[in-house]
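Good morning, colleagues. Please look at the structure on the screen.

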Amino acid sequence: MAEADSGQDRTEEATPRRRQQAQEKGQVPRSRELTTTVLLLGGTAGLMMLSSYMIEGLSALFREGLALDRQMIFLEDAGLLQLGRLTGAAALVLAPLCALLFLLAAAMPVALGGWSFSAESLAPKLSKLDPIKGLGRLFGPRGLMELLKALAKFLLVGSVGALVLWWELDQLLALSGLPLEQALAQTAWLAGYTLLGVSAATALVAAVDVPFQLWQHNKQLRMTRQEVRDEFKETEGRPEVKARIRQLQAEMAQRRMMEAVPEADVVVTNPSHYAVALKYESQRGAPRVLAKGKDLVARAIRDRAAAAGVPRIELPPLARALYAHTRVNEEIPPPLYLAVAQVLAYVYRLRSARTLGTAWPTAPGSVPVPDDLDPGPDAA
């Protein structure tokens with residue numbers, strides 16, 4: 001088992017973030033054996049499907065290549081001109097097969113490890129030029145594994161190829177007695193069958209190599225427990241930083257809340273433990289809570305309301321219910337509509353008395369608060 005630099009075992013599976021970082025660095029699983037197998041199979045299929053087209057085109061090139069017009073014989077660069085023209089014609093004949101192989105070669109790496117292009121992997125590294133490290137990689141466990149794989153692949157593919165050629169020996173010897181076009185067609189089919197046999201052998205190698213590459217890639221990405229914890233802290237944030245952020249957010253929210261107290265219609269108190277500032281706007285529906293607080297925050301709300309001339313009324317059950325069942329900047333719950341309506345009615349009569357100089361209204365001594373909404377004096 002691989003050891004981390006800190007001495008801890010890499011026992012943890014790689015996290016999604018670790019895998020993403022590895023992919024950004026170009027560290028993705030790749031299997032050359034899979035690519036080789038698919039290229040051989042694709043090339044064999046293409047050769048068999050395009051054999052008639054390619055044979056006709058190549059036969060025409062042979063005939064044209066061995067014949068020159070009488071006028072071209074007297075030209076000094078006749079040979080170069082003929083070579084250039086035949087080369088272009090041969091490229092057109094081979095273009096479909098080459099295009100197929102190019103597409104397969106580009107698609108196979110994406111099929112196993114996904115598309116990955118990293119400039120970091122292309123950057124030169126001086127550590128790669130270290131001869132001691134190079135010898136270590138060459139004669140180390142990984143180099144030994146690659147050597148054994150190469151020998152096994154050579155023996156397997158060579159044995160299958162020799163067996164296929166031995167099986168087709170009579171047909172190969174009979175090619176010399178066939179006409180040119182028939183011999184070319186037969187050669188194409190024999191080459192196709194030979195490549196098919198070799199591809200089957202490389203498919204066995206790829207069937208072993210692909211799981212091995214995936215296992216090795218996952219092993220290289222494994223993490224220690226400390227690395228997992230550090231990554232979690234970096235991703236989710238350190239606890240002390242998160243606590244500080246929450247504290248700052250709470251302070252900002254409280255500051256905004258206190259700034260809204262002067263806009264309230266009334267402040268309901270407990271009288272000292274709770275304070276809830278309410279405002280009613282007919283166009284918005286039910287009354288809503290502008291601010292609420294307990295103990296020191298309640299005292300700050302009372303002081304701010306007194307400085308702004310906002311009426312205050314002491315109704316402990318209603319204050320407790322409002323504090324327990326409402327949120328700042330949200331409407332009060334329907335069961336408290338009647339109680340709050342009586343409070344607002346008193347506030348409106350108080351405003352009229354101040355404006356008109358009439359008799360001062362009497363504050364309500366109690367309002368109907370449902371028992372299930374009042375947490376009781378013990379909650380204070």
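I begin with D265, which counts as buried at 5% relative accessibility. Here buried means under 20% relative accessible area, exposed means over 50%, and partly exposed lies in between, with a 1.4 Å probe and protein chains only. The model is predicted: local features need pLDDT of at least 70, side-chain atom pairs count only at pLDDT 80 or more, and totals for chains, interfaces and linings use all residues. Residues are numbered from 1 along each chain as its sequence is written, and side-chain values use heavy atoms, with hydrogens and water left out.

What does the side chain of D265 meet in a salt bridge? The partner is R351, at 2.8 Å from N to O. A salt bridge is a side-chain nitrogen of Lys or Arg within 4 Å of a carboxyl oxygen of Asp or Glu. R351 lies in helix α15 (residues 337-356) and D265 in the loop between α12 (239-260) and β1 (266-269), so the pair ties together parts 86 residues apart in sequence. Helices (H or I, at least four residues) and strands (E, at least two) are DSSP runs, numbered from the N terminus. R351 is partly exposed, at 38% relative accessible area.

The search of the whole structure finds 3 salt bridges. Another one joins E13 to R222, with the closest N and O atoms 2.7 Å apart. E13 sits in the segment before α1 (16-24) and R222 in the loop between α10 (180-221) and α11 (225-236), 209 residues apart. E13 is partly exposed at 48%, and R222 is partly exposed at 22%.

Finally, R288 and E281 meet in a salt bridge at 3.7 Å, N to O. R288 counts as buried, at 13% relative accessibility.
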